Amino acid sequence: MADETPTATPPPADYPPVTVIESESPSVATNLESKQDPLPPAPIPEVTESTKQEEPPLELPQQSPIATAKSEDVLVVGSMQAKEGEEPSIRKSVPQSLISFKEESNVVADLSDSERKALLEFKQLVQEALNTHQFSPPKQEVQETKEKEKPAATTEQEEETPVSESETKPLHEPKIEENPVKEAEEVAKEASQTAISPEEVSIWGVPLLMDDRSDVILLKFLRARDFKVKDAFFMLRNTIHWRKQFGIDALVEEDLGDDLEKVVFMHGYDREGHPVCYNVFGEFQNKELYQKTFLDEEKRTKFLRWRVQFLERSIRKLDFRPGGVCTIFQVNDLKNSPGPAKSELRLATKQALQLLQDNYPEFVAKQVFINAPWWYLAFYTLISPFLTQRTKSKFVFASPAKSADTLFKYISAEHVPIQYGGLSVDYCECNPEFTIADPVVEVTIKPGTKKTVEIIIYEKCTIVWELRVVGWEVSYGAEFVPDSQGAYTLIIQKATKMNPTDEPVLHHCFKVSELGKILLTIDNPTAKKKRLLYRFKIEPSY
């Protein structure tokens, strides 16, 4: 029969307690359409080889406990439960990257001769600047800042108090005339101390020229300026001046509220280990939130400070050691975005973009825009001249229909949030069975076919699984088939048609009191490929 599944003999005692077999057969709808010209029954697939034409083996995480058998349609899966007293064998893995943009190495030994030479020259300029305190803001700017911070009451008092001509003369002027040599000696002494004690400057928690993390920071500025040393130095100096004037170190510790926590948030990692940052512009459809964030210049300034604070806190968690992950994967969700008609949002976005590009070089590994509407490409054309070619090369755009597939290309399903097609939930107690560390199996279901996932149980246990098909439009059923002859099949989930509006993820828990197998069946009657995501855990019964 076409829907029959292979049998398997019990394994040795030291073999994993479960085996998973995936088989494929024509969809029920396809069988009904082909009654006039029936096909011969398909042979029963064997574990070691298959006579059916199946899709290629699934690409699985490198460190996953799932091993692909020689057959094209059979997967053998080890137990996901560690033995008593042992650590679980499953760990978060970083599968092979599918990202088209390849980040350059930040290890000095991997640089070309010209790049190493540029880095050496850059470090010499930085050391000279530290020796001469060039990274301190000019005194004039510091004085202007202090004057702005004076209380208004003091200014009014000074205006009301009459000042005589004699009072306008500096009180210390006679002393300078009396002992000019002594003051000259003091100035020379201060200059000597300045020359002996170089300035200490840190950026993103990394002190310049103190260890090899500094090389990674300097390489970011060099790459942002195409390894033009002087341009990179000016950019670094301007960035340090801006950070001091903006008060970055104090800003990181400020409490700016949590009104925007759903607008920008970090969640999971991509396939290369980069932390993923989500920007959800659709949240600004909330008129109250929009006005509270962008209505006037003061509110836009606060939003800019909040955005810089969020970025600073995220950057300080990165690994700046050579070979470490020191960039962020950005996902920009444009669904229900207010659009270019909102001048306040457009102005704030432009200000933030310019500020981030000038002061945060090479911190984005990839910029993925999902649910992109038609008008966004026009908007991108407008801002494109303000972006470097290197920045533009990292951009990826996906329409609403392709958004989930695009994310899965770069991020594994256990790290993709549920609202974007994955199985990852926020870190809370709403899904205690699975975490972001539990790997997900991804299966493509061809149009007009039925996919059966067979989990063979070799010991009494409790099995927990969750499953989804992105976009559904399929039928799903689950049953337990005991090994004992004459035993009845137990229906866990009656075959049910799942619609796009149904619950995105289904959870099941089943206590196995006798040996047998769990059958998860997905019937895809549509003309479109579907993506099945599932994972399970085994809890032995004692």
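The backbone oxygen of E254 lies 2.7 Å from a polar atom of the Q309 side chain. A polar contact here is a pair of N or O atoms within 3.5 Å; within protein, one must be able to donate a hydrogen and the other to accept it, and residues adjacent in sequence count only if both atoms are side-chain atoms.

This is a predicted model: local features need pLDDT of at least 70, side-chain atom pairs count only at pLDDT 80 or more, and totals for chains, interfaces and linings use all residues. Residues are numbered from 1 along each chain as its sequence is written, and side-chain values use heavy atoms, leaving out hydrogens and water.

**Q309 and helix α11**

Q309 sits in helix α11. At 4% relative accessibility, Q309 counts as buried. Buried means under 20% relative accessible area, exposed means over 50%, and partly exposed is in between (1.4 Å probe, protein chains only). Leaving aside residues up to four places away in sequence, Q309 touches L251, V252, E254 and L256. Contact means heavy atoms within 4.5 Å.

Helix α11 covers residues 297–315. The expected span is 1.5 Å times one less than the number of residues. Helices (H or I, at least four residues) and strands (E, at least two) are DSSP runs, numbered from the N terminus. The N-terminal end of α11 is capped by D296, with a side-chain oxygen 3.2 Å from the backbone nitrogen of E298. Buried residues of α11 include R300, F303, W306, R307, E312 and I315.

**The loop at D255**

D255 belongs to the loop between α9 (248–253) and β6 (264–269). Is D255 buried or exposed? With 72% relative accessibility, D255 counts as exposed. A polar atom of its side chain lies 3.1 Å from the backbone nitrogen of G257. D255 and W306 are 51 residues apart in sequence, yet their C-alpha atoms are 9.2 Å apart.

**Two helix pairs**

Two packed helices are described by the angle between their axes and the distance between the axes. Axes are lines fitted to C-alpha atoms, for helices over the stretch in contact, and angles run from 0 to 180 degrees between N-to-C directions.

| Helix pair | Angle | Axis distance |
|---|---|---|
| α2 (113–131) and α7 (213–224) | about 105° | 10 Å |
| α8 and α12 (343–359) | about 120° | 9 Å |

Helices α2 and α7 are therefore roughly perpendicular to each other. The α8 helix is oblique to α12. Angles under 35 degrees count as roughly parallel, over 145 as roughly antiparallel, 65 to 115 as roughly perpendicular and the rest as oblique.

On the α2 side, A118, L119, F122, K123 and V126 make the contact with α7. Their partners in α7 are D215, L218, L219, F221 and L222. By class, this contact has eight nonpolar, no polar and two charged residues. Ala, Val, Leu, Ile, Met, Phe, Trp, Tyr, Cys and Pro count as nonpolar, Asp, Glu, Lys and Arg as charged, and the others, Gly among them, as polar.

In the other pair, M235, N238, T239 and W242 of α8 meet L355, Q357, D358 and N359 of α12. The class count there is three nonpolar, four polar and one charged.

**Loops beside these helices**

Most residues other than glycine have a negative phi. H133 is not a glycine but has a positive phi of about 60°. The loop between α2 and α3 (139–148) holds H133. At 30% relative accessible area, H133 is partly exposed. F227 also has a positive phi of about 60°, and is not a glycine either. It lies in the loop between α7 and α8 (229–246).

Which residues of α15 are buried? They are S403, A404, T406, L407, F408 and Y410. Six of the eight residues of α15 are buried, so this helix is largely enclosed by the rest of the structure. The elements covering them include β8 (328–333), β9 (364–370), β10, β11 (441–445) and β18 (530–540).

A401 lies in the loop between β10 (395–397) and α15 (403–410). With a relative accessible area of 70%, A401 is exposed. Its C-alpha atom is 9.8 Å from that of A372, 29 residues away along the chain.

**The whole chain**

The protein chain has 15 helices and 18 strands. Of its 542 residues, 43% count as buried. Among contacts between residues at least 6 apart in sequence, 79% join residues at least 24 apart.
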